[in-house]
Amino acid sequence: MQDADYPNQHFAHITVSADTKQNFTLYVRIPSWSPRTIIKIDGKEIEADPENGFVAINHNWQNSSEVTIDFDFELHYEILADRFNRMAVYYGPILLAAQTKDLPAATVNASEYLDKLVKVEGQNQFRLVGTDIIFKSLPEIPANTPYNVYVKVLDEPIVELLDSQTNSDDHQWTLAVASEKKNYLKITYNRIDGDIYSFQIKDDQQVLFTQTIDSNEWPEDSYYIYPLPEQVTNGRDKLNVQIQSLDYEGLNFDIADISKIETLATI
């Protein structure tokens, strides 16, 4: 039998019932967000070395043996794949959102920002130091209440610049990539008001991305970062990028004016 009050409690109990003493293996799943999970059998801690996400507990079980799993709930963050100065904040597996319409941009990096979040006693919530802003899970935020899931921080040093070029009249570029790394294409656009831009980003005629930009929803910082599929860059040191306007049901859209096109790779 298993019982838990997730996520209010950070542990779970498993009671093993057997008519006679038996030896068998019990597999307990250890989530990736809990790196320091503590497992006890009848109050005695055992070694918990997960393999493929599970701990195998081989034990001589007897009636009403109790297994306790204490999960490691800690604050951590994830940087967005297309914005290296945006992070999502998690408490264990719980995505936290700031219950506020206007969340000020941070002047520190992601890890330093976490240091500014102080736990609300008895709750899976955190207060931002020096403010009345509370970070909480989405189900805890009342309906029709403004909130922010992403926090703007200083750029994380997780990528390096490989190549940088300016606008091309024929919208074609040959850019360096790193074969054995995760690569990104970053395009900075010059904003032009009052239009909708729709186009395809290709590599040797293979469509990588289709992009539509509405001038009313122009991206902050005027750039997009496109994570390149690994199969596109594996075994290559160059990427042949071509951008073509999209012709949809007789409507020929324009290509947004490009200021700079770059390739990046993980450090």
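In which order do the 4 strands of the open sheet stand, and is their pairing parallel or antiparallel? I opened the notebook with this point, keeping in mind that the model is a predicted one.

**Entry: the open sheet**

I read the order of the strands as β15-β24-β17-β20, and I noted that the pairing is antiparallel. β15 (159-166) and β20 stand at the edges with a single partner strand each, so one side of each has no neighbour in the sheet.

I then looked at the contact between β17 and β20, which pair in the antiparallel sense over 5 bridges. Within this contact I looked up isoleucine 187, and its bridge partner in β20 is tyrosine 224.

**Entry: aromatic pairs**

How many aromatic pairs does the structure hold? I found 12 of them.

Tyrosine 189 and tyrosine 224 form another edge-to-face pair, with 6.3 Å from centre to centre and 75 degrees between the planes. I placed tyrosine 189 in strand β17 (residues 183-189) and tyrosine 224 in strand β20 (residues 223-227), so that this pair, too, links distant parts of the chain, 35 residues apart. Is tyrosine 189 buried or exposed? I noted it as buried, with a relative accessible area of 2%, whereas tyrosine 224 counts as partly exposed at 21%.

I also recorded a cluster in which ring pairs link Trp33, Phe71, Phe73, Tyr91 and Phe126.

**Entry: charges over rings**

I looked for lysines placed over tyrosine rings and wrote down two cases. The charged end of lysine 182 sits over the ring of tyrosine 184, at 6.0 Å from the ring centre. Lysine 186 lies over the face of tyrosine 223, with 4.4 Å to the ring centre.

**Entry: salt bridges**

My search of the whole structure gave 8 salt bridges. In one of them the side chains of arginine 36 and aspartate 72 meet, at 3.3 Å from N to O. Arginine 36 lies in the loop between β3 and β4 and aspartate 72 in the loop between β7 and β8, so this pair ties together parts that are 36 residues apart in sequence. I noted aspartate 72 as buried, with a relative accessible area of 10%.

Which parts of the chain does the salt bridge of arginine 86 with glutamate 220 tie together? The closest N and O atoms of this pair are 2.9 Å apart. I located arginine 86 in strand β9 (residues 83-91) and glutamate 220 in the loop between β19 (206-214) and β20, so the parts tied together are 134 residues apart in sequence. Arginine 86 counts as buried at 10% relative accessibility, whereas glutamate 220 counts as partly exposed at 46%.

I next took the salt bridge of arginine 236 with aspartate 204, in which the closest N and O atoms are 3.7 Å apart. This pair links distant parts of the chain: I found arginine 236 in the loop between α2 (230-233) and β21 (238-245) and aspartate 204 in the loop between β18 (196-203) and β19, 32 residues apart. Both ends are partly exposed, arginine 236 with a relative accessible area of 22% and aspartate 204 with one of 48%. I also noted a network in which salt bridges that share partners join Arg86, Lys152, Glu220 and Asp221.

**Entry: alanine 143**

Where is alanine 143 found? I located alanine 143 in the loop between β13 (134-137) and β14 (150-152), and I noted that this residue is exposed, with a relative accessible area of 66%. From alanine 143 to isoleucine 201 I wrote down 39 Å in space, C-alpha to C-alpha, for 58 residues in sequence.

Notes: Residues are numbered from 1 along each chain as its sequence is written. This is a predicted model: local features need pLDDT of at least 70, side-chain atom pairs count only at pLDDT 80 or more; totals for chains, interfaces and linings use all residues. Side-chain values use heavy atoms; hydrogens and water are left out. Helices (H or I, at least four residues) and strands (E, at least two) are DSSP runs, numbered from the N terminus. Buried means under 20% relative accessible area, exposed over 50%, partly exposed in between (1.4 Å probe, protein chains only). Rings of Phe, Tyr and Trp (its six-membered ring) pair if their centres lie within 6.5 Å; planes under 30 degrees apart count as stacked, over 60 as edge-to-face and the rest as tilted. A charge sits over a ring if NZ of Lys or CZ of Arg is within 6 Å of the ring centre and within 35 degrees of the ring normal. Two strands pair if DSSP finds at least two bridges between them. A salt bridge is a side-chain nitrogen of Lys or Arg within 4 Å of a carboxyl oxygen of Asp or Glu.
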